[in-house]
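Subject: Structure for your files

Dear colleague,

Here is the structure I said I would pass on. My notes on it follow below the entry.

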Amino acid sequence: PLSEVATAYVRARNADPMCSFGDFVAISHKVDVATANILKIEVSDGIIAPGFEPEALEILKAKKGGKFIVLQADNDFEFPEMEYRMVGGLGFMQKRND
């Protein structure tokens, strides 16, 4: 059976599967083995998540001959109150949406 995290990933991925070629997966929960096994067969370049079960991490590290990028998010990171973007030489600043 699929875990809650794996089910959420599959639902999101299936919303528009054609646009995900060469993507990078972001998951907001610890990645479990069920999710890693799904990701193992999907076309993707990497993942970022707040944590990984040890067996899930081994599954992902073996993907793409060891070239799959696995990043662990910093759980203590706090977003700044203001966001800044540069677009075409212009600078935009706005309060972050909470």
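Leaving aside residues up to four places away in sequence, Glu 42 touches Tyr 9, Arg 13 and Lys 63. This is a predicted model, and the contact should be read with that in mind. Glu 42 sits in the loop that links helix 2 (33-41) to strand 2 (46-49). Its relative accessibility is 25%, so Glu 42 counts as partly exposed, given that buried means under 20%.

Helix 2 itself comes next. The buried residues in helix 2 are Val 33, Thr 35, Ala 36, Ile 38 and Leu 39. What do the buried residues of helix 2 pack against? Their partners are helix 1 (4-15), strand 1 (24-26), strand 2 and helix 3 (54-62).

Lys 64 is worth a look when you check the backbone. It has a positive phi of about 55°, although Lys 64 is not a glycine. The residue belongs to the loop between helix 3 and strand 3 (69-72). With a relative accessible area of 42%, Lys 64 is partly exposed.

Strand 4 (residues 82-87) and strand 5 (residues 90-95) are paired in the antiparallel sense, over six bridges. Within this pairing, Glu 83 has Gln 94 of strand 5 as its bridge partner. The two strands make a hairpin with two residues between them, and Gly 88 in the turn has a positive phi of about 60°. How many of the six residues of strand 5 are buried? The number is zero, so strand 5 lies largely in the open. As a reminder for viewing, side chains in a regular strand alternate between the two faces of the sheet.

Now the overall figures. The protein has three helices and five strands. Their order along the sequence is α-β-α-β-α-β-β-β. For a compact globule of 98 residues the radius of gyration would be near 13 Å, whereas the protein has 16 Å. The C-alpha trace spans about 45 × 30 × 25 Å along its principal axes. Of the 98 residues, 29% count as buried.

Among contacts with a separation of 6 or more, 25% are between residues 24 or more positions apart. The accessible surface amounts to about 7100 Å², and carbon and sulfur atoms account for 58% of that.

Regards

How values were computed
Residues are numbered from 1 along each chain as its sequence is written. This is a predicted model: local features need pLDDT of at least 70, side-chain atom pairs count only at pLDDT 80 or more; totals for chains, interfaces and linings use all residues. Side-chain values use heavy atoms; hydrogens and water are left out. Helices (H or I, at least four residues) and strands (E, at least two) are DSSP runs, numbered from the N terminus. The radius of gyration is taken over C-alpha atoms; the globule rule is 2.2 Å times the number of residues to the power 0.38. Buried means under 20% relative accessible area, exposed over 50%, partly exposed in between (1.4 Å probe, protein chains only). Contact means heavy atoms within 4.5 Å. Accessible areas come from the Shrake-Rupley method with a 1.4 Å probe; for residues, only the protein chains shown count as cover. Two strands pair if DSSP finds at least two bridges between them.
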